[in-house]
Amino acid sequence: MNERESLFRRLSTACAGRGASAGEPPTVATPIATEGDPVAQFAQTFAAAGGFLLRGPVEAALSDLGEMLRAEGVTALFFPEDDAAAREVAEALVPFGPFILTTGAEVRGGSAAVTAGFRTAEAAIAETGSIVETSACGNTLLPGLIADVHVSIVRTAVVVARMEEALAAFTADPPRNISFLSGPSKTGDIEQTLTVGAHGPKKAIALLLPPKRAEQE
Amino acid sequence: MKVDANAFGRNARKALLDKTLQEALGRTTGRFQANRDVAAAAFPDFEATRERASRIKLDVLDHLETYLPRFIEEAEKRGAIVHVARDAAQAREIAARIARDEGVTLAVKSKSMAAEEVSFNEAMQGAGVTVVESDLGEFIIQLAGEAPSHIIAPAVHKTREQISILFERHLKEPRTDSIPELVGMARKHLRAKFLSAGMGVSGGNFLVADTGSVVLVTNEGNGRMGTVLPRVHLAVVGIEKVIPRMADLPTFLRLLPRSASGQTISSYVSIVTGTRRAGDPEGPERMHILLLDCGRSAILEGKYREILKCVRCAACLNACPVYQSVGGHAYGWVYSGPIGAVLTPLMVGLPEAAALPDASTLCGACANVCPVKIPLPDFLLELRSDAREQGLKTPGEIAAMKGYAGVMSKAGLLEAIERIGGVLGQFFTKGKGISGLPYPFSGWTERRDFPAPAAQPFRKRWKIRRGVTR
């Protein structure tokens, strides 16, 4: 008998007589209050998690965004090859720099530049102020992972009220990675003093954009 | 990890005299506790969510024989390789084999109590693998060559000055008293490790049975980095961490960060499932999940099974007046505070840790804050009685308790003793308090004066106070 079967046997003994079948979801309701407009709530919870929210349209936000990146010492910008919205924002930002465009591969290779990673969020959660990024469809995770500043492009249409709605798409066959990113990377491990930028981005920025024109019609 | 739980008394005394530790504990536990209380109060559905989480966990314990095989099946369907270890020695053996087979020489590890339980790092050393702890607190503790003292804040007992000295010695960084600079030094050093390590080692906060997913909750982002960048991912997780459905995850994500640190959500929640898919630009080519029994199936069979509901939030530590005073090291093993005082005896054997259930005032603060409603004080009391049954109490202790019970159950006798005690006490102390009692009572007067016995029995004073005169 291998170790796995032996464990299953021990569990069968331990669970014997505990009711016939594994349970249905408990009946205790958790009516997590959805406070009105999810987009407005997201704006508030994202800020509470330590993120900075800018509102579109893109042209209006560029100057503020450029200033925030310069303040963090950012010199290089990168975005996923196939992410048109992220590319548009990053390229439009170059004149607000001095910023150069680089690639995720280069940053991963150990580039010494201070970087900002741009990426379109798959969803955003109003309840927690989280950006949802996944590896579904071969999407890269590097902009929200190894950049010093993370800029999420959030279409208002992808903002959901609760975590359940964000996960609903993945209950059958989840991709390798689903991440909820809520504000910057934080640590309180030295003298319990909250400090940003432990491993992930030191600053999390969300650029909230209205639906694309095609979607509005 | 070596078990030193029965030395609780000696270790606690040492902790009480450690000035740095006392300052750190005062700073941290109070803040964690206050933040937790604020977060719980600000979330109107907190109580309903606790109840729901507790019921989900009970269902899991009742049917772990169904949920665990389901988890394994789903995880393997998506490319993970699942291993099962009966005990710590077997876990080390399996972990070492995985590292050797995968040709790993450097591993980055995010925080895992389960890995700590089986002395994971020793196994890696044996296999010629360098393990770098990537959680900042754990990293500091690793440099210092110590064991963590708090589940979620392992380095609470280190000051920034001590940390800067460690970084100067081990990382060749200049001395600084700026915390952001210290964090930046660790970031730079650990980033290089993440980019070059062959294996990322993680724990797992939850295992989702219906998808085979491992869920990691961190604030620093090290868990996410270690499960995206290295070629191999190894998750070391206890078998009780299973939850039935992905749809159950939000319930637990609403409780864990609020209970641990008072956050609505941690900075990073990573749900990882299997290996990287065809066309994925990142993610591990190989994923191993090492499931630990290490006494859990035996606990599941007995009267303490509900202890397996624990989600390791550490709220009970922060709420505990004993933990607040002595910190984590005094408990002598991986788990500390009320959860440790119950879990350690159950996992390492009561004779090895019979001192721990006594390390509690039974005040009930732990049960009040537990997000999955574990009856910790009941278990502590029950373990004390088990210790007595197993002959782990001294005859003196048993006699004293018998005598105490005899007096406390007879009101007249108690009152008579109080009268005599009152007269003698007032005579000898002049009402000032007792500064030194002889052994075996000397512990009560070692650090403070014991109040003099009241001149009149309690019941009499109570009646007078309520306006009833005899």
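Colleague: Which residue is the bridge partner of A:Leu181 in S9(B)?

Modeller: B:Tyr268 is the bridge partner of A:Leu181. Keep in mind that this is a predicted model, where local features need pLDDT of at least 70, side-chain atom pairs count only at pLDDT 80 or more, and totals for chains, interfaces and linings use all residues. Residues are numbered from 1 along each chain as its sequence is written, with chains lettered from A and ligands numbered from 1 in the order in which they are written.

Colleague: In what sense do S9(A) and S9(B) pair?

Modeller: Antiparallel, over five bridges. Two strands pair if DSSP finds at least two bridges between them. Strands (E, at least two residues) and helices (H or I, at least four) are DSSP runs, numbered from the N terminus.

Colleague: How many residues does each chain put into the contact?

Modeller: Chain A gives 64 and chain B gives 75. Contact here has C-beta atoms, placed from the backbone, within 7 Å.

Colleague: Which element supplies the largest share of chain A's side?

Modeller: H1(A), with ten residues.

Colleague: What ipTM does the predictor give the complex?

Modeller: The ipTM is 0.94, and the pTM is 0.93.

Colleague: Switching to chain A. What is the strand order in its open sheet of six?

Modeller: S1-S12-S7-S4-S2-S3, with parallel pairing. S1(A) and S3(A) stand at the edges with a single partner strand each, so one side of each has no neighbour in the sheet.

Colleague: What stands opposite A:Ala76 in S3(A)?

Modeller: A:Ile100 does. S2(A) and S3(A) pair over two bridges, in the parallel sense.

Colleague: How many helices and strands are in chain A?

Modeller: Seven helices and twelve strands.

Colleague: Now chain B. At what angle do H2(B) and H12(B) pack?

Modeller: About 140 degrees, with their axes 6 Å apart. Axes are lines fitted to C-alpha atoms, for helices over the stretch in contact, and angles run from 0 to 180 degrees between N-to-C directions. The two helices are therefore oblique to each other. Under 35 degrees is roughly parallel, over 145 roughly antiparallel, 65 to 115 roughly perpendicular, and the rest oblique.

Colleague: Which residues of H12(B) take part?

Modeller: B:Arg258, B:Ser259 and B:Ser261. They meet residues of H2(B), including B:Phe32 and B:Arg36.

Notes
Contact = placed C-beta atoms within 7 Å.
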